[in-house]
Amino acid sequence: MSLLSDRHRYFVLIPLFAAFIWFSTLLAMLLTWFVSGRPKYVSTQVAVAYISDVGASFLKPLFVVTCCLTGPGLVISLTIERLLRHKGRLPPEFHTYERIFGGLAIAGALIAMFGLAFLSGFDTARYPTEHLIFLLVFMVGVSLSSIFTVIEFRWLADDYPEVEKLKRAYISKAVIGLSLVVLAIMFGVSLFNAQNVGGVVEWLIAFGFTFYLLTFAYDLRMAKVGEGEVSQERRTEIH
């Protein structure tokens, strides 16, 4: 039995760990802001602090480490999915366009990973312009990754016997991804028209990203012995 077969349960821990550390850090930052008396930071001077404001304070080392762990967690989760599909442990990609969209999803995750890492280093207090640029890069990367993943899963469902499981996977990703895209647009508008609203929206986007990470734990749970495999007859039929 291959390494991928024996260790599939451990792969689930990767997105779970990324989601846990991301959510825990956000919660710690939010609680710190509340316990500190909800201060107004020099960088924005708004009633509802932005994550960027709290992350530029004494909590910056925590924020940087979390961002540098969460981004790779997303990329590794997508990459492992691709390997498991190649091994037949998850619904395999029979068509070229499925593999293309799978690769594009990883590319989007890579964009998000670098955007997240750089936005944490270029904090909003010292590098406001650079921070906004990398924040945009992160949001675009996550949006692209979710869109391409949903498209890939939709096509995979046509060739997979247990289609209901894949439907749940891509519908959940579609709902969460669309919600994050809508919130990102609201956030961009609020930066110029309603900054207090923007602070609330940014927290919603960040906590919502936790659920996007958790969808990959559900995907990887399907990589069990015999599950996700498609008969040789079906492979021959499709090819």
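Predicted model: local features only at pLDDT ≥ 70, side-chain atom pairs only at ≥ 80, totals over all residues.

Guide: Residues are numbered from 1 along each chain as its sequence is written, and side-chain values use heavy atoms, with hydrogens and water left out.

Visitor: What makes up the protein chain, helices or strands?

Guide: The chain has 10 helices and zero strands. Both are DSSP runs, numbered from the N terminus: helices are H or I with at least four residues, strands are E with at least two.

Visitor: How do you know that the span of α3 is close to the expected one?

Guide: The expected span is 1.5 Å times one less than the number of residues. Helix α3 covers residues 13-35, which is 23 residues, and 33 Å is expected. From first C-alpha to last, α3 reaches 32 Å. That is close to the expected value. After α3 comes G37, with a positive phi near 90 degrees.

Visitor: Why is L214 called partly exposed?

Guide: Buried means under 20% relative accessible area, exposed over 50%, and partly exposed in between (1.4 Å probe, protein chains only). L214 has 34% relative accessibility, so L214 counts as partly exposed. This residue lies in helix α9.

Visitor: Which residues of α3 are buried?

Guide: Among them are P15, A18, W22, L26 and W33. Across the chain, buried residues make up 49% of the 239 residues.

Visitor: What makes the nonpolar surface patch?

Guide: Y10, L13, L16, F211 and L214 make it, with about 500 Å². Nonpolar side chains (Val, Leu, Ile, Met, Phe, Trp, Tyr) are joined within 5 Å, like charges within 9 Å. Areas come from the Shrake-Rupley method with a 1.4 Å probe. Helices α3 and α9 (195-221) each supply at least two residues of the patch.

Visitor: How many aromatic pairs are there?

Guide: The count is 13. Rings of Phe, Tyr and Trp (its six-membered ring) pair if their centres lie within 6.5 Å.

Visitor: Why is the pair of F122 and Y127 called edge-to-face?

Guide: Planes under 30 degrees apart count as stacked, over 60 as edge-to-face, and the rest as tilted. F122 and Y127 are 5.2 Å apart centre to centre, with 75 degrees between the planes. The pair is therefore edge-to-face. F122 is partly exposed, at 29% relative accessibility. Y127 is partly exposed too, at 34%.

How values were computed
Patch = residues over 30% accessible without salt bridge, like charges linked within 9 Å, V, L, I, M, F, W, Y side chains within 5 Å. Salt bridge = Lys/Arg side-chain N within 4 Å of Asp/Glu carboxyl O.
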